[in-house]
Amino acid sequence: MTSSTKIRPLARLLDTSCCPVWVIGVDGRLAYASAAMGQWLGIDPESLIGRRAISGAPESDELPDRIAAALAPPADIDSRGAAGLRLTLPTDVPAAADARGDWAQANFVRLGGLHDRAVIGVCSPSGQGIDPHAASAAFQSLTTESTALRQQLDDWRSRHVGLAAIVSAGSSAAARRLRIRMNVAASLRTHVGLFGSEGCGADSIATRIHQTSAPNELLVAVEGPLMDAELLDATLSSVVAVLSESPESTATALVHGLDDTPIEAQERLVELLTTFAGRLRLIAICGAAPKLLTEPIEQSLVDEPDVDQTTLVGLHPRIVDFLSSLSITIPRLISRTADLPLLAAAVIDARHAQGEGAGNRLSRPALDALVTYPWPGDFVEFNQSLRHAVRTSPQSVIGIEHLPLVVRTYRESGNVTATNVTISLDDTLRRYEMQLIDEAVEAAGGNRAEAARRLGISRARLLRRIDEAGQRANEQ
Amino acid sequence: MTPDVPDSEGTDRLSRGRRFSPESLDPPTLTVIESGSRWIKAWRFFLAHPSTTESLTGRTSDHGIRLQSLSPERESESGAAMDSDHLESSLGDLLRGKPRVAIFWEISADVLLARTAMITTIRRQYPDCLQLAGTGALSPLDSAAISELGITAAARGPEDLPPVASMLQRFMRAQ
């Protein structure tokens, strides 16, 4: 590969192409020549770098200078932006017959303005197969698509940044402290642990922290609970590639559910964070009260052959070390009752501004219902409920009847419906779990280890469940 | 696409605490969206051959996952190629009210933008849907972008599928 450090990633991509590609810098000299140039011309592409590429004006009679001059774009490339040209190569080019003393069809695209321009040339050695307009369009679409993808990403992040602003709004002490910690995290580029209940808006806060502290840094999102070490490597391969490319490059891994991530994947993450210390940042989203795997417990479990490593969860002690840099606890909405009117107004304003419905303010009964509901799904449920209300309200004032049924019918006793039927969720789940275990044990011919494997749980866990079920049966 | 559940803005995707519902007893489904049949064949192989994943994960792949394919570029009954609205509508029918679903997108450079737009929409409207991708040789920047927009795991080629298949099974079991 022949290129400067700064364009290595692009150069590697272009080197895989069988078409010769070259780049002429703002000084009119060759800045890059792809590997295919060597095959096409029969000379080392490196020897072309720095040679002046101005048509008919080689710097010397040396062959590389004459070739560089032959690779020049049309003189009017600056005004046209893109152009096709038949190149006439020197007759003594030591290459394949189709290049020597013959012509080749080349296409050029100018990138940038007059003072920072670069011209990219691409060629079909045989003079066939590349339509100049198609080639120009392809180059243009390459830059257009990258811009559009970046735009999609920016839109996505902006949406989250807006949500994070809403989540942290309010005058309560909890809201104020949350904002202070978010601002500290956003002003530093450091590992951050976000701790909160499900639906607390941690995703949006994490995106806001990244967007504010390192907006141009590569970020890869990882769904921790679904990872194993191998899949984590694959998911973070783009990060590793970028970090390995240059000692100056940085990247961020945003890991959802880190405390539910299998221990082997956490260990791999620790290795990566250690290898790329200071350059790979971790933003971790964890539950409100994550289990900590202490080192003695961890070691004993690792030594236990019957323990399925992929189901061993909790926070690895080394991960806790990293997250001790800065941790943010996101308070539950139920502990911020005083903030709810402001949060509701902000959500409704945002929804209304997006044209999602006519509703733009809450009636008093609707606001009372919001304040007296416990929000088990936290901010996500709050946001969803108000979206529903904005959409269903035919007029500007949102009434209580426009709120979701579960919110407007909630009573402190917990009886949501008018019926007196009481269902124990825990009992139902236990019965369902035991039913699955019984079926698995039966299917495995009574082999409990095999049944555990089929269920994707450890044998110890399966045995514990069976014992618990037996004890419950005895008590009854 | 009109979702059953309100837009969650993609927050707290793949939420860890699942609701117990009768729908969770529906067969888990993987929908492969591609222009040909390369990926569906690969998925069928890796989900049907326990030994392939067993050797890597140490567990069987008694998956019971229903596979189906959707080809946006293939002509629909009306004779026209499926446009993005039609695809969204079809996916909405597949996803609505079904918690144990996953989508595998074939993503190439020429459909990258269209796919990422749809991936983002699905993540916002159906955050519990697992989205996977077959990407070929995307740049690190594009790979990172699709992960942020909603792709949980990507395979460059069918040879990368075994760990992704294991993850899919873990996901379906966790529902």
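# Two chains, question by question

Trainee: What share of the 175 residues in chain B is made up of buried ones?
Mentor: Keep in mind that we're looking at a predicted model. A residue goes into that group if its relative accessible area is under 20%. Of the 175 residues in chain B, the buried share comes to 58%.

Trainee: And what pattern does chain B follow along the sequence?
Mentor: Start with the parts: chain B has 6 helices and 5 strands. Its contacts reach along the chain too, with 74% of those between residues at least 6 apart in sequence joining residues at least 24 apart. Reading along the sequence, you get β-α-α-β-α-β-α-β-α-β-α.

Trainee: Let's look at a helix pair. Are H1(B) and H6(B) roughly parallel or roughly perpendicular to each other?
Mentor: H1 covers residues 38–48 of chain B and H6 covers residues 161–174, and their axes are 10 Å apart. They pack at an angle of about 70°, and the perpendicular range runs from 65 to 115 degrees. H1(B) and H6(B) are therefore roughly perpendicular.

Trainee: Which side chain makes a polar contact with the side chain of Gln68(B)?
Mentor: Gln68(B) sits in strand S2, residues 66–70 of chain B, and it counts as buried because its relative accessibility is 18%. Beyond four places in sequence, Gln68(B) is in contact with Thr29(B), Leu30(B), Thr31(B), Val32(B), Ile40(B) and Leu94(B). The polar contact, at 3.0 Å, is with the side chain of Thr31(B).

Trainee: Are H17(A) and H19(A) oblique or roughly antiparallel?
Mentor: H17 spans residues 425–443 of chain A and H19 spans 459–475, and their axes come within 11 Å. They cross at roughly 120°, whereas antiparallel would take an angle over 145 degrees. That makes the pair oblique.

Trainee: How many charged residues does the contact of H17(A) with H19(A) have?
Mentor: This one is a left-handed crossing. H17(A) contributes Arg430(A), Glu433(A), Met434(A) and Ile437(A), and H19(A) contributes Arg461(A), Leu462(A), Arg465(A), Ile466(A), Ala469(A) and Arg472(A). The contact has 5 nonpolar residues and no polar ones, and its charged count is 5.

Trainee: What about H18(A): which of its residues are buried?
Mentor: At its start, a side-chain oxygen of Asn447(A) reaches to within 3.1 Å of the backbone nitrogen of Ala449(A), and after its end comes Gly456(A), with a positive phi near 75°. H17 and H19 of chain A are among what covers the buried residues of H18(A). H18 runs over residues 448–455, and its buried ones are Glu450(A), Ala451(A) and Ala452(A).

Trainee: Which side chain does Ser172(A) reach with its own in a polar contact?
Mentor: Ser172(A) is in the loop between H5 (132–167) and H6 (173–187) of chain A, and it counts as buried because its relative accessibility is 13%. Apart from neighbours within four places in sequence, it's in contact with Arg336(A) and Asp339(A). The polar contact, at 2.5 Å, goes to the side chain of Asp339(A).

Trainee: What is the phi of Trp375(A), given that it is not a glycine?
Mentor: Trp375(A) is found in the loop between H14 (364–371) and H15 (378–392) of chain A. It counts as buried because its relative accessible area is 1%. Its phi is positive, at about 50°.

Trainee: And what is the phi of Asp378(A) near?
Mentor: Asp378(A) lies in helix H15 of chain A. Its relative accessibility is 1%, so it counts as buried. This is another residue other than glycine with a positive phi, near 55°.

Notes: Residues are numbered from 1 along each chain as its sequence is written. Chains are lettered from A and ligands numbered from 1 in the order in which they are written. This is a predicted model: local features need pLDDT of at least 70, side-chain atom pairs count only at pLDDT 80 or more; totals for chains, interfaces and linings use all residues. Side-chain values use heavy atoms; hydrogens and water are left out. Axes are lines fitted to C-alpha atoms, for helices over the stretch in contact, and angles run from 0 to 180 degrees between N-to-C directions. Helices (H or I, at least four residues) and strands (E, at least two) are DSSP runs, numbered from the N terminus. Angles under 35 degrees count as roughly parallel, over 145 as roughly antiparallel, 65 to 115 as roughly perpendicular and the rest as oblique. A crossing is left-handed if the near helix is turned anticlockwise from the far one by less than a right angle, and right-handed if clockwise. Contact means heavy atoms within 4.5 Å. Ala, Val, Leu, Ile, Met, Phe, Trp, Tyr, Cys and Pro count as nonpolar, Asp, Glu, Lys and Arg as charged, and the others, Gly among them, as polar. Buried means under 20% relative accessible area, exposed over 50%, partly exposed in between (1.4 Å probe, protein chains only). A polar contact is a pair of N or O atoms within 3.5 Å; within protein, one must be able to donate a hydrogen and the other to accept it, and residues adjacent in sequence count only if both atoms are side-chain atoms.
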